[in-house]
Amino acid sequence: MELVEAIILAVLAASTPLLIAATGELVAERSGVLNLGVEGMMIVGAACGFAGAWLTGSILIGALFGIVAGTLMSLVFALMALGLAVNQVATGLALTILGVGLSGLIGAGFVGERITPAVPLAIPGLTNVPLIGRVLFGENGFVYFSIALIVAVWWFLYRTRAGLILRACGDNHVSAHALGYPVLRIRTLAVMFGGACAGLAGAYLPLAYTPFFIPGMTAGRGWIALALVVFSSWRPARLVIGAYLFGAVTILQLHAQGWGVGIPSQFMSALPYLATVIVLVLLSRARTGGSTAPAALGTVFVPDR
Amino acid sequence: MQAHQRMLDPTPNGQHSVESPLLRTIGLTKRYGDFLANDCIDIEIRPREIHALLGENGAGKSTLVRAIYGLIQPSAGEIHWQGERIVLSGPSEARSRGIGMVFQHFSLFDNLTVAENVALGLDGKESFKDMSARLEQVSKTYGLPLDPRREVWQLSVGERQRIEIVRALMQDPKFLILDEPTAVLTPQEADQLFIVLDRLKAEGRAILYISHKLEEVKRLCDTATILRGGRKVETCNPRLETAASLARMMVGGEVKEVKGASGRKTTVPRLVVNDLSLAPVEAHGVRLEHISFELKGGEILGIAGVAGNGQDELFAALSGERLAKDPGTVVIEGIAAGHLSITQRRKLGAAFVPEERLGHGTAPRMRLSENALLTGHAASGMVHRGFIDTAATLRTVDRATETFGVRKAKRDPEAASLSGGNLQKFIVGREILRNPAVLVVSQPTWGVDAGAAAVIRQALLDLATAGAAVLVTSQDLDELAEIADRIAVMFHGKLSAPLSAREASREKLGLLMGGSSLQPKEIAHAAGA
């Protein structure tokens, strides 16, 4: 029993950054922008988040640092890919390279330092309930926030007019422009939201997952978040399932090594990507028409006036 | 608000029938760099008027209506709305003032539902539920049935246009702009649209109607303004003009009449299709079902039909972009070619002109000589031992330029730098200069100005006279009536039995295009049942 609880807790802890980063990227991609710089924005968020928390002693301020850093990084992307209509794939890849370098620079002075990590919730009576107590009532704030975030995004996309307009921009930017919607402004906001989420997801790692910063500590989670958005076929509900599934695979991989299962760890690391490919194939076979991806995803738009 | 502003703009001789203009542009000018897309255009539109806007491609019609709808800002000039000067900040302001627009290339979102599409065209002041209820009511009132829950990609072109129109009507516009609304409709669908437009006119609304179809304009419109080269040429009453006189004003000269040589002799079958069936590649694609026809030398077969009924798929199967399982389904010059590649089919004497000029017919960023090479490399002696004979490719460009009057800035410019009509003349010319035995051409004059269209049609007729077999796919029934000997209709991937051009009336073709069958037996026979 204790082991099951420990595994669930570990899965939740490993899944949360994936969920937060993927939620942000989902919104950006739904507006039609493919930002491959998630990994770069996350790692800068991790460095700045740790710096903020170390300097002020507050996890909350650290998280805010991460959000601001991620947003600033995404603005670089928005300036290039939206303002100057540069190829989005190239810009996103460049952003990741920039982020990895920048985070090393920012974090250099903090390597080896430690902070007190985010405190898990403790409600007397509830948190002590066996098996489910710690899972439901003993998490840190990031976990609860990530769930609230994806619910809010679902509600925004499907229940508000602004969400409809955002989806419309992702489906056909020419039509959206012809109807008078400011496509580039909407996309910039969506990209900024994606940056903020990526920054927060990055900050989660040194603030809640491990209480220290090491260069390159995102370890490819940004890429998994990107795969996750595709895996979810751009639907928030499936994103949640996917995030926990991918998180579980990461944990399984660690335990499998511990148990001495004869599966190469590289194969386990590749599982999320493999799953994404399989889901894409199944989806495109199952659907008779329409497109699962936002139709305008990754295409450059230059309005004429 | 509804009071007419006669005070501001007294009509000269006090005619009661003439109301003061609802919308007026004064010296409207739009400049793109050195290019004047609109040059000092004055136009007046009154309530209860269907006002046609005529002109060739590039005459400035779209620029003008986009400025009136607030999509682009004019470089100079004024727009007056109900007697008052306005500067539109964008389409939503235009809509809130009562100006609606139905776009030529639909401004719809394929993966959203009908109701969501309509909601996006409104200003969002009512709840989605109220909006849906009103949508149902408006579509019922005007006889434009729509299912609000379906996603747009599932709908036909006619249904898509209905969404656009209903969306515009839901804003209760005083003035509605329609950009080539009938270009994609069957004649019957067009007739239904005219009933709606007459009703809107009777309700006191004004309509600005852009069209290429002059007979339609004569029948429907009260006034016509003709643009040429960005300038206004004339405002007239189209009912007092002939189609020929309107065309003259549009082109600025006589349009050469296309003449086919009388008594063309048909020879041996050069292109035969036997019971061709092909599953779609794409999710949206159409399945070709049991297509059979025979095309002799000296003959032009027209294929009519609303876009998206399998014409693209048929073109791909004939050109070799898609291969058939059974080689005998496509026979070129007596040789089973269903399994042959594009190049092998070209070597048999076939030539192909696809619908899309840029990206399919030509590589946009490559020079014309390179584009000539791309289709001529196998059978036109442009390659010697693997090396390109540049002089030969340039000669092809020069010959096409000379024979078909291609206008271009340089001897050998990039394909994308040519205007649509000139590029199409080059593409058709490039293929015809190879003296093909079989020419398959899709939408030969789509989006091409009247002058270039006449040149291309004449070239197709001349090619047939010279003995080639020509297959023309077109949505323009007038074009097919002008050049084709026989006309068949494509619907849902099936091809009707060909009618001789004489018996193929618009009504008959229209019925076939809408999916009704004329002679059930004959259709069944053609389908190989």
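In chain B, strand S9 (residues 223-228) and strand S10 pair in the antiparallel sense over five bridges, where two strands are taken to pair if DSSP finds at least two bridges between them, and where helices (H or I, at least four residues) and strands (E, at least two) are DSSP runs, numbered from the N terminus. Within this pairing, Leu227(B) stands opposite Lys232(B) of S10(B). The model is a predicted one, in which local features need pLDDT of at least 70 and side-chain atom pairs count only at pLDDT 80 or more, while totals for chains, interfaces and linings use all residues. Residues are numbered from 1 along each chain as its sequence is written, and chains are lettered from A and ligands numbered from 1 in the order in which they are written.

The pair S9(B) and S10(B) belongs to an open sheet of six strands, whose order in chain B is S6-S7-S8-S3-S9-S10 and whose pairing is mixed. At its edges are strand S6 (99-102) and strand S10 (231-236) of chain B, each of which pairs on one side only. From one strand to the next the twist averages 20°. Helix H5 (residues 157-169) of chain B packs on this sheet, touching S6 and strand S7 (175-179) of chain B, and its direction makes about 175° with that of S6(B); contact here requires that the C-beta atoms of two residues, placed from the backbone, lie within 7 Å, and angles run from 0 to 180 degrees between the N-to-C directions of axes, which are lines fitted to C-alpha atoms, for helices over the stretch in contact. Helix H8 (residues 243-251) of chain B also packs on the sheet, touching strand S3 (50-54), S9 and S10 of chain B, with its direction at about 35° to that of S9(B).

Chain B also holds an open sheet of four strands, ordered S12-S11-S14-S15 and paired in the antiparallel sense. Strand S12 (288-296) and strand S15 (335-336) of chain B each have a single partner strand, so one side of each is left without a neighbour in the sheet. Strand S11 (residues 269-278) and strand S14 (residues 330-332) of chain B run antiparallel and are joined by three bridges, with Val330(B) in S14(B) as the bridge partner of Val273(B). Helix H9 (residues 311-319) of chain B lies across S11, S12 and S14 of chain B, running at about 60° to S12(B).

Elsewhere in chain B, strand S1 (residues 23-32) runs antiparallel to strand S2 (residues 35-45), and seven bridges join them; Arg31(B) stands opposite Leu36(B) of S2(B). The hairpin of S1(B) and S2(B) has two residues between the strands, and in it Gly33(B) takes a positive phi near 60°. Five bridges join S1(B) to S4(B), again in an antiparallel arrangement, and Leu23(B) has Trp81(B) of S4(B) as its bridge partner. In the loop between strand S4 (76-81) and strand S5 (84-86) of chain B lies Gln82(B), which has a positive phi of about 50° although it is not a glycine. Gln82(B) is buried, with 20 other C-beta atoms within 10 Å, a residue being called buried if 20 or more other C-beta atoms lie within 10 Å of its own, exposed if 12 or fewer, and partly exposed in between, with C-beta atoms placed from the backbone.

Turning to chain A, the axes of helix H1 (residues 2-30) and helix H6 (residues 141-159) come within 9 Å and cross at roughly 25°. That angle makes H1(A) roughly parallel to H6(A), since angles under 35 degrees count as roughly parallel, over 145 as roughly antiparallel, 65 to 115 as roughly perpendicular and the rest as oblique. Residues that make the contact include Leu12(A), Thr16(A) and Arg30(A) of H1(A), and Phe142(A), Ser146(A) and Leu157(A) of H6(A).

Also in chain A, Trp234(A) lies in the loop between helix H10 (221-231) and helix H11 (236-259), and its phi is near 60°, a positive value in a residue other than glycine. Trp234(A) is buried, with 22 other C-beta atoms within 10 Å. Ala176(A), in helix H8 (residues 173-178) of chain A, counts as buried with 28 C-beta neighbours inside 10 Å. Not counting residues up to four places away in sequence, Ala176(A) touches Ala168(A), Cys169(A), Tyr181(A) and Val183(A).
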